[in-house]
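Q: Hey, could you walk me through a few spots in this one? I'd like to begin with side-chain surroundings.

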Amino acid sequence: MSTLLHRLGRFSYRHKWAVIGAWLAVLLAAAVAALALMKPFASSTTIPGTEAQRTLDVLEKEFPAAGGQVTGTIVFRAPAGEKVTAGAAARAVAEAARRAGPLPGVASATPPAAEAGTVSADGRTGIAQLTFDAAKADGIPAATRAELERTAAGARAAGLTVELGGAAFTDGEIKVLGPGEAVGVVIALGVLILVFRSLRAAIVPVATALVGVGVGVLCLLALTSVITMDSTSVILAVMLGLAVGIDYALFIVSRHQTQVRRGMDPEESAGLATGTAGGAVVFAGATVVIALAALSVVNIPFLTVMGLGAAATVVVSVLIAVTLLPAVLGLIGPAIATSTVPVLRRLARREESRLARADRAPLGQRWAALAARRRWAVLAAGVLGLGVLAVPAADLRLGLGGSQDAAGSAARAQKLVDDGFGPGYSGTLIVLAQGRGAGPGGTGGGDGATAPAAARQLADRVAELPGVVAVSPVVPADSTDAALVNVIPSGGPESASTQRLLTDIRELRDGIERRTGTELNVTGATAVNIDVADKLSSALPVYCLLVMGLALALLTVVFRAVAVPLKAALGFLLSLGASLGAVVAVFQWGWLAGLLGIEHTGPVLSFLPMLLVGILFGLAMDYEVFLVSRMREEYVHGRPPTEAMVRGFGHSAKVVTAAALIMIAVFGSFVFAELQVIKGMGFALAVGVLLDAFVVRMTLVPAVMAVLGRRAWWLPRAVDRLLPDVDVEGEKLLRRHAAAPAPAPDSAPAGSPADDIPHRPARPAPADGETVRR
């Protein structure tokens, strides 16, 4: 692979304009396809096969008036001491409903009425129900939306608080890279400037990463024409594409810049950097892609689309790094080694002078030596600290709420409804009764005419349950084969009390089903979300086992050792637990919620733990390889285990630190997003990378390696013979380039940028099957 990448890098460097033109053509084609084929995003999250989803599908057939059209609301709130059903407030409400009814695209506008349950008990809050002709929100005419806004403004002028809510007014626009997210890119650029001591070199990774994100995201948008996709999938692709795109380019440009500074021909340097550091990039990208693609194994459609979409963007980022990046380096040529900014030139000269003196070990080596001397104290402090952070994870609750803009009109309308009617008003549970022959899972043998009677029996029992505010009268279907009952809980859609109520209703139905020969199922948006969260919770352990098994297999092949993969996997579990604990403390318990702009707390996004496992696993294994592979090389070259660890760590610490800081900056910037879903994803990934990179990989790993000594590299002889020889870092290519101007790693100044990229050595010959010959 390293030889192929070397040739590809030289080809791209030599034919720079052709390669750059090809990628620009791909970007343009993706943009045209996205504009021509893009369809609206899915507005709800479903998992086929769950009870709630199957029942909802049947409900739409038996009660067609309940679906097929997008709905919205106009929520009115009268001042203290007034009611929306009397006086000037009532006239303003009636006028608003009257003006909304005839608008183009509006099928009906029903004003608030106490008998319909759309006026709150205190009379201050009322809900006007709107039904549109369109099946989706984007089908509502823009002129109609504008007129409804003016109608709401007119009611506000009468002294009412008015907001537009419901599915029709939920903002579906994607803000891919807003001001907050751009901060992460700026911080990443600053880190790159400090690493390269050159502005032009620092701009290259950012520019190529943006191209990769553009191609990946535009392709995803085009695929919405044939795949049901949530907008979160696109934002995740942006988040991950930016982070890995910049990091992967960092590894290659760092190697190339150092080689050019040491006198190597720029074209040959670009090829060698692509063949060596590029090999590590391909492996790193492969681990992330495999972890994300493995999300499809749990057989949850929206999560499969999300994982494959993000994985595709990572693939594009890898292709960009080994083709477009060398071509851009060809544009810069020898200038990659210099800087036109005076302050950066001075910093570069000062660093070269310090490294040439070699009177003091680099910071990375000093840190690793300290961790080795205080190995047991470091291990105890690190494990205990991560364990304390993981404690809140024991209270993890999953849900699917918080997907709308907290600052938008729909969110404000929802708050008015919750304040006026109680949080359970928006969490209605729907009980559907059917003859067994017509039920979503029925097997025949029931009389459809008994469905209303069965629904009434269940309604009487449900009304006695704790946590129930109201139970509606039974509504029979026109076919008399089905009937439904609406149950309004006291808690909100994401509350634990509503989840318990759903469980209680399902437990009550068994006896009634046997007596009446019917089938009773519970559905509604709240039940669907709860079932989705339950399905994801049960799939999480399976996915974790899959990912952990993959980690052990991959690292055993790369390092040809048993203890190193086990240590890496256990470290990943520590950082994962601590990250989930931090997420629970902030988004579920509310710690620091105000500081981070979190409007409301509640259950953690149901698919967040799986995404965190997949993405954090890939990134953790990347850092493990970059750090430990150089330690192995030093050990195989004859250094004692602890000294090899210290020197290897010192060589790799700089690039891993820079890569982790870039990841944290990019992920952390999404904490400032408007959608709470995106806030949670950004926060979890930023904290996960922070803990895994700096606590696990750069603190616990040196201490564990010092404790293990030679045992870290033990591998049974039989296993050693079976494993393939994976040349991740291009050692064979480096041997063929032994006569190149760049010196061997041992003769390079310690801590120099060249040392930031680890070199995997050839496979050592074990002396006795248990130790590697020193």
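**Around T287**

A: Happy to: leaving out residues up to four places away in sequence, T287 touches L554, F617, G618 and D622, where contact means heavy atoms within 4.5 Å. This is a predicted model, so local features need pLDDT of at least 70 and side-chain atom pairs count only at pLDDT 80 or more, while totals for chains, interfaces and linings use all residues. Residues are numbered from 1 along each chain as its sequence is written, and side-chain values use heavy atoms, with hydrogens and water left out.

Q: Is T287 buried or exposed?

A: T287 counts as buried because its relative accessibility is 2%; buried means under 20% relative accessible area, with a 1.4 Å probe and protein chains only.

Q: And which helix is T287 in?

A: T287 sits in helix α9, residues 266-293. Helices here are DSSP runs of H or I with at least four residues, strands are E runs of at least two, and both are numbered from the N terminus.

Q: Switching topic: how far apart are the end C-alpha atoms of α14?

A: They are 18 Å apart, which agrees with the 18 Å that its 13 residues (409-421) should span at 1.5 Å a residue. The expected span is 1.5 Å times one less than the number of residues.

Q: What do the buried residues of α14 pack against?

A: They pack against β1 (71-77), β3 (125-132) and β4 (161-165). Among those buried residues are L416, V417 and F421.

Q: What comes just after α14?

A: G422, which takes a positive phi of about 95°.

Note on methods. Buried means under 20% relative accessible area, exposed over 50%, partly exposed in between (1.4 Å probe, protein chains only).
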